[in-house]
Amino acid sequence: MEWNSFLILQLLMLNSGTFIFGSRLSDVDRLYSKLFMDYNKKIRPGDDQSLATRVNVSFNLGAIQEFDEVNGKFAVIGFFRITWHDSRMTWNTLDYNNTHTLTFLQDDVWKPTLVITNPFCKIDQIGKDFMTVRYFSNGLAYWTPGEILISSCSVDITYFPFDEQICTIRLMAWGTLSNEILLQSFNGIELNYFSEHGTWRITSTAFNDRVDEVTGLSLIDMSVSMKRRPGFYVINVVLPVIFLMALNSCVFLLPPDSGERVSYAITVLLAISVFLTLIGNHLPKTSEPMSLLGYFLIFDLVFSSLTCLSTMICLRLQFRNKNHPIPSYLKWIVLCCRRNNLKKRENWVEVQNNKSNVHNSDLNACEGLIDNNKQDISWRDICKALDTILLRTSFVVLSVSVLLFFMIITKTI
């Protein structure tokens with residue numbers, strides 16, 4: 001019977017007053033006595049026991065209760081809709097005052113023993129003692145056990161916090177083969193009563209029935225594909241780390257004579273280390289696969305360490321003895337920096353001369369300035385040139401690394 005037809009039948013019987021509530025108590029007693037006269041709940045339904053009892057299963061997902069990436073725990077709340085046919089539980093409604101349906105405690109009648117084959121902590125059957133099974137006069141059994149399903153889930157945190165996870169809950173009929181009880185998918189996973197989760201967004205679901213070729217067991221795989229909402233981690237982890245990297249680069253803007261360069265660089269380094277510890281508590285303790293965010297934080301830590309080392313080297317050069325000879329390659333670095341500055345000044349002077357028609361003597365004066373700047377290079381000049389180079393280099397490295405990180409982690413390349 002189709003599920004929609006089943007609901008329509010229920011509504012019709014409610015409107016016509018033909019449910020048990022409209023029947024005489026004596027008729028209901030006679031019906032119960034008649035059904036349980038030769039009934040054995042230990043025997044599965046089916047007049048021909050050589051044929052499998054077909055059990056139709058669907059699941060209404062209510063909410064994602066918990067998804068623990070560190071421990072691999074996946075828990076959802078919902079209820080099943082399970083139907084089967086039992087010829088022993090049939091009756092003529094006219095003989096019992098139009099009684100079309102009866103309910104029984106689930107422990108009083110036969111029901112499939114369903115268990116989760118990939119549980120997180122323990123194996124337990126679906127359904128509690130207080131739940132009931134409803135039978136219709138044609139022998140259709142309708143069972144709706146509500147459950148908190150807790151299973152283990154393998155987590156792939158490569159693209160955290162832009163990751164997608166697929167968790168599967170596997171059901172089986174305990175102690176029976178597929179030629180005895182055959183589980184069949186019926187309407188799959190329904191989301192009519194689903195409440196949105198703050199961290200995870202469901203992208204798709206799958207509900208597949210199959211028979212294991214090795215064990216011969218009838219299985220149902222309920223798969224939920226989820227995509228993380230990355231806003232929390234982007235705002236609270238990724239962006240602060242990027243800002244710390246930018247602040248780390250700004251250490252080269254501080255005057256060497258201030259005496260705050262090293263303490264500033266080490267403070268930023270410690271802040272990055274704290275973020276690395278915080279993000280590590282939210283990730284599984286596994287080395288395969290590693291999170292790209294973890295690699296990015298390690299790179300940031302190395303970047304900050306190199307910045308501290310560069311700051312110490314610059315300070316050492318800044319306060320070096322003036323009489324100590326300066327290597328030629330360091331002079332070449334200073335001259336290159338000055339040449340670039342003077343070329344910019346030449347271009348500016350040339351533009352001004354073209355605008356005001358000033359004589360070319362200004363250009364000659366600028367050329368003389370270039371010759372004068374090639375003399376008298378001190379250790380302070382070396383430190384200043386290195387600060388300029390390191391500042392620009394660090395900002396270029398920062399920009400390229402952040403761009404590549406977001407392109408890779410969002411799978412745009």
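Contact here means heavy atoms within 4.5 Å. The exercises below concern a predicted model.

**Exercise 1.** List the contacts of Phe-74, leaving aside neighbours within four places in sequence.

*Solution.* Step 1: Phe-74 contacts Ile-64, Glu-66 and Phe-67, among others. Step 2: its partners also include Leu-149, Ile-150, Ser-151, Val-224 and Met-226. Step 3: Cys-153, Cys-167 and Ile-169 belong to the list as well.

**Exercise 2.** Locate the disulfide that joins Cys-153 to Cys-167 and describe its geometry.

*Solution.* Step 1: a search of the whole structure finds 1 disulfide. Step 2: the S to S distance between Cys-153 and Cys-167 is 2.0 Å. Step 3: Cys-153 lies in the loop between strand S7 (146-152) and strand S8 (164-173), whereas Cys-167 lies in strand S8, 14 residues apart. Step 4: the link is left-handed, with -85° about the S-S bond.

**Exercise 3.** Classify Cys-153, Cys-167, Cys-314 and Cys-121 as buried or exposed.

*Solution.* Step 1: buried means under 20% relative accessible area, and exposed means over 50%. Step 2: Cys-153 has 8% and is therefore buried. Step 3: Cys-167, at 0%, is buried, and so is Cys-314, at 2%. Step 4: Cys-121 has 62% and is therefore exposed.

Definitions and conventions
Residues are numbered from 1 along each chain as its sequence is written. This is a predicted model: local features need pLDDT of at least 70, side-chain atom pairs count only at pLDDT 80 or more; totals for chains, interfaces and linings use all residues. Side-chain values use heavy atoms; hydrogens and water are left out. A disulfide is a pair of cysteine sulfur atoms within 2.5 Å. Helices (H or I, at least four residues) and strands (E, at least two) are DSSP runs, numbered from the N terminus. Buried means under 20% relative accessible area, exposed over 50%, partly exposed in between (1.4 Å probe, protein chains only).
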